[in-house]
Each structure stands twice: as structure tokens, then as C-alpha cells.
Amino acid sequence: MAETDRDDLISIIEEEEQDTDIPETMPLMPVRDVVIFTDMLLPLFVGRDKSVRAVEEAVANDSYLMLATQKDPNVENPKPDQIYRVGTVGRVLRMLKLPDGRLKALVQGVTKARIVEYARKKVYYKVKVELLEEPEAESSSVELEALMRNVREYSEKILALRGEMTGEVSSILESIEDPGKLADLVASNLNLKLDESQMVLEILDPVERLKKVNDFLSKEVEVSAIQAKIQSDVREEISKTQRDYYLREQVRAIHRELGEYDEKIQEVEEYTKKIKKAKMPKDAEDEAQKQLRRLEQMHPDSGESSIVRTYLDWLVEMPWSKSTKDVLDIKRAKEILDKNHYGLEKIKDRILEYLSVRKLNPGMKGPILCFVGPPGVGKTSLGRAIGSAMKRKFVRISLGGVRDEAEIRGHRRTYIGALPGRILQGLKTAGVNNPVFMMDEIDKLVSDFRGDPSSALLEALDPEQNVAFSDHYINLPFDLSKVMFILTANHTDTIPSALLDRMEVIHLSGYTEEEKRLIAEEYLLPRQIKENGLKPKQISISTNALMQIIQEYTSEAGLRNLERELGTLCRKVARRIAEKEKGPFVITKGNISKFLGIPEYQPEMDQEESQVGLATGLAWTQVGGEVLYVEASLIGGKGDLIITGQLGEVMQESARAAVSYARANIESLGVDERIFESTDMHIHVPAGAIPKDGPSAGIAMATALISALTGRAINKDVAMTGEITLRGRVLPIGGLKEKAMGAVRGGVKTVIMPLKNRKDLAEIPMNVKRKIKFVPVSHMDEVLPLTLEDAPEKSGGFPDEADDSDELETGED
């Protein structure tokens with residue numbers, strides 16, 4: 001390994017007395033990491049065996065040695081083709097053997113030479129060399145003088161930037177008049193690459209060599225200047241930091257000596273600890289530090305300082321990296337869901353599917369579910385049960401009536417009293433970034449001049465975007481992808497399509513009477529007994545009494561009114577106990593009116609007997625399915641159609657289609673065609689204060705009108721639903737499950753439905769199928785024989801599609 005001693009490199013030794021004869025053949029020592037120039041004096045540490053032998057051979061003879069640089073300094077034993085041909089003949093002035101077997105030799109470059117051939121390759125290299133003579137430069141050239149002066153100035157500038165410039169070095173540079181020697185001296189002290197130094201060595205013309213060195217010098221001056229500037233800046237920054245630290249420590253010491261309490265310093269220190277503890281993302285931490293520096297420079301009582309404090313409080317209290325660990329025990333989760341909710345198997349299966357996938361893929365994004373169903377079916381409580389099953393925090397916000405976009409995305413900090421939106425507020429309250437987040441009443445958002453909240457929800461509820469949700473107040477991306485969003489709605493009609501597309505909609509239908517009884521016995525009654533301070537042994541309600549409450553005191557798809565009535569019973573009993581009456585109190589069908597008063601609803605149909613022009617339809621409402629009556633009457637006139645009952649445009653069109661169908665088939669119905677010339681037709685749907693719309697009452701209107709025209713009564717136990725066309729075809733409708741449950745509550749025994757809705761029978765509970773006979777039809781010709789009591793029987797029975805549905809009618813599928 002050859003090393004350069006810097007003190008020797010910047011000094012020039014006058015030519016010593018040498019033997020004038022340099023042998024043609026001499027030992028070769030490859031050197032690495034350095035190119036040796038003429039008149040260069042440097043110590044070499046020799047450790048390789050071949051190099052040690054070559055130095056010893058040179059010292060034993062005339063002390064001349066060929067010094068050539070190897071091309072790759074990492075090669076331990078270079079071959080001839082790995083060594084540059086041009087090198088320097090050196091003379092060993094002094095040699096010292098070291099204890100570890102290495103040699104330390106002081107070598108001086110004598111003259112340039114080229115290796116002609118290798119005379120010996122074993123033990124050590126011995127080569128035949130050709131001495132290279134340099135042409136003489138023109139001493140009177142003005143250009144050469146300018147070039148040499150330029151090289152001296154560059155050299156002095158570089159040494160000054162490095163802090164190595166001395167008067168002695170300057171004298172040496174000025175004393176050298178030979179351009180070749182000046183080029184060699186400067187090149188040997190520049191931090192050049194090996195190939196660049198070798199390039200300079202191989203240039204024999206001293207002027208050209210000096211020009212090349214000048215080029216390297218100009219580049220080195222720029223690099224050294226930039227390096228010196230960087231070092232100066234670093235030193236200044238370190239000095240400023242140390243100065244600021246000492247000053248702060250002195251200020252603290254002064255306050256301590258005076259016994260003063262520096263609240264501002266303590267506040268900054270507390271925020272610094274909180275920022276570090278919050279484990280924010282880098283961009284959020286940078287913003288927090290920036291705001292903290294602003295706060296540090298403000299007066300504590302300024303108005304802006306309170307704004308910055310509030311903002312910092314929100315930043316450090318947001319759950320950037322806090323999350324709860326999911327409990328992915330599928331069996332336990334199922335037990336919790338079954339314990340809190342009866343039925344709802346479809347939703348429970350969806351939650352268990354999510355937990356199963358989460359168990360296999362922990363990095364999956366949270367789902368965005370939307371529970372749609374009538375009030376009181378358990379949408380909100382189901383969300384709480386999901387959080388409990390997963391052992392996640394539960395957050396709930398209500399969006400009903402929200403009309404300001406800032407409620408979702410927050411206010412900008414320029415406003416007084418600005419706060420983040422409801423989403424980030426909920427996450428802060430939860431304290432974790434992966435809660436079960438429920439948004440109630442998503443269908444009741446309102447938009448006005450203050451913005452559209454539903455559009456603001458698009459980013460939060462999009463799995464591809466909510467990984468970097470941006471709130472106007474925080475103004476930093478926050479990851480919502482771990483949040484499990486659950487939304488609730490009574491219907492989807494008012495939800496914008498873009499928002500609806502981002503959610504997985506799960507419909508919750510109402511409960512049957514049997515399901516209500518089971519839920520009341522297992523959940524509602526025990527809860528009301530506990531809330532009213534009673535003991536289970538003090539009150540009991542018979543099954544018949546419970547069914548009477550369901551049938552005669554409530555009429556709803558959900559359970560809220562049922563729970564209210566049970567609460568009323570418990571309060572009545574609690575009062576009697578408080579008045580010292582002895583129990584236990586047994587509520588039966590016979591004495592229930594003493595507690596709840598007169599029944600509000602009749603479970604059976606309103607009509608006691610079949611009537612002409614009165615048809616029973618089925619309607620879907622926000623609170624579930626209901627029975628809908630359609631009345632038709634003929635009065636004197638000119639054949640006009642009168643429609644009343646606050647019907648929407650679609651329903652009015654269904655009435656007109658029913659009239660057109662009846663007039664087109666007047667002959668087959670056995671009605672005199674002249675009746676339309678002197679008679680007006682009036683179709684009315686009772687409960688005129690309630691707006692109604694939809695196409696599903698089409699066949700009920702047609703049946704009521706045909707009944708009025710023919711004078712045939714309509715079977716009171718039959719209800720029907722389906723859209724009618726001008727040709728009498730019955731088209732499919734929606735909400736068959738809800739309508740079927742409404743039919744059960746209304747005491748209907750037979751439901752006529754479109755044939756294409758037969759697939760929906762699979763979703764109807766078996767206890768509903770056992771109570772109602774479902775008859776699929778495809779044309780009005782099939783409806784009339786089933787609804788008009790005195791309609792003649794058709795030979796050969798009903799069409800094949802109706803016959804195929806007989807198995808479905810019994811519910812034994």
C-alpha cells in the first residue's frame with residue numbers, strides 16, 4: 001500500500017547528485033492509489049512480496065526502480081496488462097525494514113520512462129524501459145508566461161481555501177520557471193483521479209501538460225470554493241444553535257433565580273412532548289412544529305395565539321396512529337350478535353364474512369355498509385352490537401337535517417370558532433382511528449346555498465379516496481381507510497346516486513307478529529322490567545295478551561311502539577306496587593284493557609263483507625308495508641274520469657291505464673258500451689291527507705273499476721299488487737317482502753302478485769308463507785276470476801304459470 005506524505009508533496013527538493021547512467025533494465029514496483037511524477041519525493045509502505053523483492057533488488061544494485069501505477073487499485077497481484085506502461089524511474093534514497101515484514105522506502109522520481117518489455121515475471125517484475133525526453137518550451141512566449149502565472153494563482157487560491165497557504169509555499173511556486181516541473185508539482189498535489197493523473201503524466205510536451213493541469217485547477221477552484229462555503233455555513237449554523245441554546249439556558253436560570261414561573265416556556269415544552277407522543281405522519285408533524293414555532297414567537301395574550309393553541313390541541317389529540325386490536329373470534333362474534341338481535345341473518349352473515357376476511361387479510365380496508373329499513377327495526381342498535389362483537393370503539397352521529405357542508409368537512413381556520421367536521425370530531429372522541437362509525441339518517445341530508453353535505457361525504461365514503469381524507473380545519477390528509485362506516489336510512493330514494501354507489505346496501509324488512517312476540521319476550525319485556533324498577537316475579541304477561549298488544553295496540557314494521565306499550569304496562573304495575581297493592585300482577589287478554597285502554601287498531605280487515613268497487617291493494621312505505629284500499633264508483637256524467645286521494649303522477653297514469661283496459665275489453669266483461677256516454681268514473685284512495693304514488697296499485701284500480709262496471713263484489717280476503725299495462729299484462733313491482741308483512745298485519749289471506757316476482761318469495765319468512773297464499777299472475781284475465789266473487793269458473797282451470805305456482809302458494813318449498 002503506497003501512501004503520500006502531504007508535507008513532502010508540497011515541497012520541492014533540489015536535484016541531488018545522481019549517477020548519470022540509468023540502466024535499461026530494472027525492477028518494477030506497481031503502486032496503487034497514486035501516480036508518481038518527476039522530482040516527487042514520497043515515502044512508500046511496501047507490503048506485497050513482489051514489491052518487497054523489487055525494492056531489495058534495487059537497493060542491492062544501483063537503487064533505481066521503475067514505479068508504474070496499476071489500473072485497478074483493488075487487484076492484489078496485478079498482471080502486466082493491468083499496469084500502465086508509462087511511469088517514473090525512481091531512486092530509493094532510504095529504506096527501513098518494519099517489524100511486521102513490510103518496508104518503508106523513501107523514493108524520489110527521477111525521469112519518465114515507458115515499459116518496453118517484461119524481462120522477468122516470477123518472484124518480482126523486472127522490466128526493460130525506454131527513457132522519455134521532454135521537448136524544451138519557448139521561454140520567451142507571452143502565452144506561456146500568462147499560463148504559468150494563472151496556474152500559480154489558481155494553486156495559491158486552492159491552498160488558501162484549504163487553509164494550507166504559507167509564504168514558503170508561495171516562494172516555491174514563484175521559484176519554478178520550468179513549465180513541466182510546475183505542472184508536475186501542481187498535479188501531484190491536486191486531488192485528481194488515477195486516470196486523470198496518469199493522463200497528465202503521459203503528456204510529454206510541458207506546455208500542453210501545463211494547459212491540462214490548468215483545466216483541472218479551474219474546476220478544482222470552483223469545487224473548493226463551494227466546499228469552503230458549505231463548511232462555513234455549517235459552522236455558522238452550529239454556532240447559532242449553540243448560542244441559542246446557551247441564551248435559553250441563561251433565561252431559564254434567571255427565571256429560576258427570580259422565582260418566576262415561565263408559563264410560555266412550559267407550554268412550548270408540553271406541546272413538544274405531545275407532538276412526539278402523537279406519532280403523527282411526517283407532513284402532520286412538520287406542520288405541528290411550524291405552528292409551535294409561530295406560537296413561541298407570539299405574545300401569550302394575542303388573539304391569534306389562541307387560534308394556534310386550539311389548532312395544536314386538535315393535532316396532538318387526533319388518533320393518528322392509535323387503534324384498537326380487532327377480536328377476530330368468529331364464534332364469539334356470532335354469539336354477541338345473536339344475543340342482542342333476533343333474526344337479521346343476512347346482516348349477521350355479512351359482518352361475520354367481514355371478520356373472516358379480516359382474519360385472513362389484516363390489511364383490508366374497512367367496508368362501508370348502509371342499512372336501509374323502516375324505523376324501529378334495530379339499525380342503530382345493530383351497529384352498536386357490531387362494535388361490541390369486534391371490541392372496537394363505537395361512534396354515532398346523526399345527519400338528519402344537516403345542510404352545511406362544513407358540518408362534514410369542517411370550517412377553515414380563518415373563521416372565528418372554526419372546528420373540524422363531524423367525522424374528525426367523532427374520531428377524536430373515540431380516541432382511535434379504527435372505530436365502528438355510524439352515520440344515522442343519511443337519507444335526510446339537505447342541500448342549500450351553504451353547500452351539499454352529501455357531496456362532501458363522497459370522499460369520506462370512497463375506499464379509494466378516504467386514505468387521505470382532507471378536512472378544511474386540519475388541512476392535512478387523515479387516513480379513514482381503517483374506519484368501518486355504517487350508515488342508516490329509511491329509504492334510498494333521496495340518497496344521491498353517486499353516494500349510493502359507494503355503499504353496500506343491506507335492506508332490513510319489518511318483523512312478523514311471531515317475530516315481534518319472540519323479541520318482546522326475550523329482549524323488550526326484560527329490559528322494560530329492569531328500567532322501571534320491577535322484578536321479573538312481580539309481573540307476567542301471557543302469550544295471548546302479548547299477541548293482542550301486537551295486533552290491536554300497535555301497527556308498525558319495527559318495535560318502538562311495542563316497547564312503549566310494554567313500558568306503559570310496567571309503569572302501571574310499578575304505580576300499583578308503590579301504592580302498596582299486592583302482586584304478582586298477571587296481564588291477560590281479559591284484563592289488558594284496564595292497563596292500556598281501548599285498542600287503537602283492528603287486526604282484521606276494515607270491511608266486514610265483500611263489496612262492489614272496493615279492492616284491497618298493498619303499498620310500500622317508509623315504515624314498512626301497509627294495506628291500501630281502492631274505491632271505484634259510477635256517477636252520472638259524460639264518461640269522464642275523476643281521481644282523488646292525493647295521488648302522484650305515476651298513480652294517476654295507472655288509473656288511466658286501468659280505464660283504458662276496461663273500455664278496450666268492454667265486450668268480454670259483458671258491459672253495455674253505452675254506459676261510458678252517460679256515466680263518469682270516480683276512483684278514490686282513502687287517507688286523502690297522505691300523498692301516494694307508484695305503479696303497483698294498477699291491478700287493484702282495474703279490479704275496482706271492473707267490479708263497479710259489472711256489479712260484482714270483490715273478495716275481501718284477497719289483496720293484490722302489480723303494475724298494469726294497456727293490454728292487461730301484470731308487470732313486476734318492488735318491496736314484496738314488506739308488502740307481504742303488511743298483508744299479515746291487515747288480516748289478508750290471499751295475495752295476488754306478478755309472476756316475475758316469484759323469485760322474491762325466497763326472501764319471505766316461512767311463517768308468513770304459512771299464513772298467506774301467494775298467487776303469481778301475468779295478466780288481468782287471471783286476476784278477475786280470483787277476485788270477483790261471482791265470476792264464472794273457466795273450463796280447464798288457470799293458465800300454466802298460475803298452476804306452476806301452486807307449490808309456492810302453500811309455502812312448502
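In which strand does Lys773 lie? In this predicted model, Lys773 belongs to strand β26, which covers residues 773-777.

**Lys773**
- Lys773 counts as partly exposed because its relative accessibility is 40%, a value that falls between the cut-offs of under 20% for buried and over 50% for exposed.
- Although Lys773 and Lys749 are 24 residues apart along the chain, their C-alpha atoms are separated by 6.2 Å.

**The five-stranded sheet**
- An open sheet of 5 strands, with parallel pairing, is arranged in the order β8-β9-β12-β7-β13; its edge strands, each pairing on one side only, are β8 (394-398) and β13 (504-507).
- On average, and with direction ignored, neighbouring strands of this sheet are turned by 20° against each other.
- The parallel pairing of β8 with strand β9 (residues 436-440) extends over 5 bridges, and Arg396 stands opposite Met438 in β9.
- Helix α15, made up of residues 422-430, lies across both β8 and β9 and runs at about 140° to β9.

**Helix α18**
- Helix α18 (residues 513-531) has a kink of about 50° centred on Ala520, and Ala520 is itself among the buried residues of the helix, which also include Ile519, Tyr523, Leu524 and Ile529.
- The buried residues of α18 pack against several elements, including α11 (330-340), β14 (539-541), α19 (543-553) and α20 (560-578), as well as α25 (736-745) and α26 (766-771).
- Just after α18, Gly533 adopts a positive phi of about 75°.

Definitions and conventions:
Residues are numbered from 1 along each chain as its sequence is written. This is a predicted model: local features need pLDDT of at least 70, side-chain atom pairs count only at pLDDT 80 or more; totals for chains, interfaces and linings use all residues. Side-chain values use heavy atoms; hydrogens and water are left out. Helices (H or I, at least four residues) and strands (E, at least two) are DSSP runs, numbered from the N terminus. Buried means under 20% relative accessible area, exposed over 50%, partly exposed in between (1.4 Å probe, protein chains only). Two strands pair if DSSP finds at least two bridges between them. Axes are lines fitted to C-alpha atoms, for helices over the stretch in contact, and angles run from 0 to 180 degrees between N-to-C directions. Contact means heavy atoms within 4.5 Å. The bend at a residue is the angle between axes fitted to the seven residues ending there and the seven starting there.
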